[in-house]
Amino acid sequence: AISPFVSAKDVILEVLSKLTVKGGFNKILEYLGSGVTTLSVPERGTIANMGTETGATTSIFPSDEVTRAFLKAQEREAQWVELRADDGARYDENLEVNLKKVEPLIALSHSPDNVKPVSEVEGTPVDQVCIGSCTNSSLRDLKIVAALLKDKKIHEKVSLTISPGSRQVLENLAASGELVHIIKAGARVIENAC
């Protein structure tokens, strides 16, 4: 299982730290193992989207009951199709990530290859924070942001932008009343992007 303090983004940053931004070139990344079942569909989407940062042609996850439940909640269960590797499938490479040992990571400027444990950069001044787009833009992600910002103000020397992953995410955030926490804190909500 993944620690509650380790995000899907931390997992892909761990993979990036091993593959680099060119290490996935001309490859398909397939994610499998017991840790996959602990990931929500939005978390899987984050990891798959970040797979492009390795130069990979594409990233895939097996479809399972988590996928089926997500599609059912979206009233799209009829679209679920089982996808999995063939029995006895062989791979060119295997990269193992021990999810129990992954610690929170951060990609610093100016490349996703510049990955550091958050503990190493603690205390570094921050001028700009961008949350959203293809990573950390799910409803769950932005609900966490809203909870963190509730009754707080963003420092005057920090620019914070929020880019929801979809119109549906933004609509749900607004309907729940949590969008107001983000706006009152001083964040700029920019276009939906992913």
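**Fold.** I am working from a predicted model. I went through the secondary structure and found seven helices and seven strands. From one end of the sequence to the other, the pattern reads α-β-α-β-α-β-β-α-β-α-β-α-α-β.

**Overall shape.** I looked up the extents of the C-alpha trace: about 55 × 40 × 30 Å along the principal axes of the chain. Next came the radius of gyration. The chain has 18 Å, which agrees with the value near 16 Å for a compact globule, because that is what 194 residues would give. I also checked contacts with a separation of 6 or more. Residues 24 or more positions apart account for 72% of them.

**Main core.** I then turned to the largest nonpolar core, which has 14 residues. Leu142, Val145, Leu149, Leu160, Ile162 and Ile182 touch the most other members. At least two core residues each come from helix H5 (139-149), strand E6 (159-163), helix H6 (167-175) and helix H7 (179-185). H5 gives the largest share, four residues.

Setting aside neighbours within four places in sequence, I find Leu149 in contact with Ile154, Leu160, His181, Ile182 and Ala185.

**Burial and surface.** I read 32% of the 194 residues as buried. The chain exposes about 12,500 Å², and carbon and sulfur atoms supply 52% of that area.

**Charges.** I noted 22 positive and 26 negative charges. Their mean positions are 4 Å apart.

Methods:
Residues are numbered from 1 along each chain as its sequence is written. This is a predicted model: local features need pLDDT of at least 70, side-chain atom pairs count only at pLDDT 80 or more; totals for chains, interfaces and linings use all residues. Side-chain values use heavy atoms; hydrogens and water are left out. A nonpolar core is a set of buried Ala, Val, Leu, Ile, Met, Phe, Trp, Tyr and Cys residues joined through side-chain atoms within 4.5 Å. Buried means under 20% relative accessible area, exposed over 50%, partly exposed in between (1.4 Å probe, protein chains only). Contact means heavy atoms within 4.5 Å. The radius of gyration is taken over C-alpha atoms; the globule rule is 2.2 Å times the number of residues to the power 0.38. Accessible areas come from the Shrake-Rupley method with a 1.4 Å probe; for residues, only the protein chains shown count as cover. Lys and Arg count as positive and Asp and Glu as negative; His and the chain ends are not counted. The place of a charge is taken as NZ of Lys, CZ of Arg, CG of Asp or CD of Glu.
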